[in-house]
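Look at the structure first, then read on.

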Amino acid sequence: MPARPTVCPSGTPDLTAYDLLAPQLSGGKDSGVMLWPFMRDAAAAGVTDRVITYHATLGPLEWPTVHVDGTRYASMSELAAAQSAACGIPPDRHVEVTRPAFLLTEIAAYGGFPRMGSPYCRKYAKESIISTAWTPLVRRLRRELGRPVPILKVMGLRADESRDRAHHPAYRDILTNSARIVDEWLPVKDWPTATVLEWHRDAPVAHHWTYESYPGADDWRGTSRHVDRTSRVLKVGSVPRLAS
């Protein structure tokens with residue numbers, strides 16, 4: 001089946017053609033990188049007032065705030081909000097959305113535990129919930145404008161992250177109906193990982209602590225490796241536990 005046409009016929013969207021510009025922020029390194037060039041383009045086009053950032057929290061499964069060696073490291077939700085604010089987006093235009101039911105409760109009831117090819121953390125638990133959050137705005141604009149509402153969903157997916165993402169079109173239509181037209185844009189799809197890490201050296205918002213072997217290590221080795229389990233304690237909230 002041929003791909004549906006995007007709102008803009010070129011390979012890059014004209015931001016002025018959309019009523020809602022909706023960057024999705026996970027709080028991770030790639031969404032943080034994505035937001036800056038996107039907001040630069042939105043400012044150049046004079047449409048920053050159409051930008052609303054969205055973060056889909058996983059609730060109890062969200063990476064939390066931690067305190068290590070007297071230093072506080074922010075949660076994913078906090079970082080998503082901080083990334084939005086650092087780009088000049090007012091707090092009332094950063095929206096955190098939550099599933100109506102805890103994800104593990106749904107898994108227990110209906111099955112379908114996340115696995116390769118079924119990334120709940122992205123498609124089911126995040127993107128679909130954010131799409132639902134657009135509905136009140138879409139209904140209002142649909143009445144006012146008398147036409148479907150064009151929405152640009154902006155994400156930080158990159159080709160370096162996986163084979164699937166490498167084959168993902170950088171700009172495509174993902175939904176067209178009588179109420180809304182949703183195009184998806186990946187403005188940093190071709191950024192190599194080395195460039196992303198270099199950008200974060202001088203980023204206005206610190207990257208999340210889970211990218212380190214230990215919070216504050218600044219080594220980009222992840223929390224599952226190079227952890228001294230015998231001498232350090234990771235305090236999550238008010239409950240101390242061994243780092244893992």
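Which residues are buried in α5? In this predicted model, Thr135, Val138 and Leu141 of α5 are buried, where buried means under 20% relative accessible area, exposed over 50% and partly exposed in between, with a 1.4 Å probe and protein chains only. Seen down the axis of α5, the buried residues fall within an arc of 130°, so they line one face of the helix; the arc is that of the directions from the helix axis to the C-beta atoms. The face turned away from this buried side carries the exposed residues Pro136, Arg139, Arg143 and Glu144. Just after α5, Gly146 takes a positive phi of about 70°.

The open sheet has 4 strands in the order β1-β6-β8-β7, with mixed pairing. Because β1 and β7 stand at the edges, each with a single partner strand, one side of each is left without a neighbour in the sheet. Strands pair if DSSP finds at least two bridges between them. β1 and β6 run parallel and are joined by 4 bridges, and Leu21 stands opposite Leu152 in β6.

| Helix | Strands touched | Angle between directions |
|---|---|---|
| α1 (residues 29-45) | β1, β6 and β8 (180-185) | about 160° with β1 |
| α5 (residues 135-145) | β1, β6 and β8 | about 150° with β6 |

Axes are lines fitted to C-alpha atoms, for helices over the stretch in contact, and angles run from 0 to 180 degrees between N-to-C directions. Helices (H or I, at least four residues) and strands (E, at least two) are DSSP runs, numbered from the N terminus.

Residues are numbered from 1 along each chain as its sequence is written.

Methods: Predicted model: local features only at pLDDT ≥ 70, side-chain atom pairs only at ≥ 80, totals over all residues. Heavy atoms only, no water. Contact = heavy atoms within 4.5 Å.
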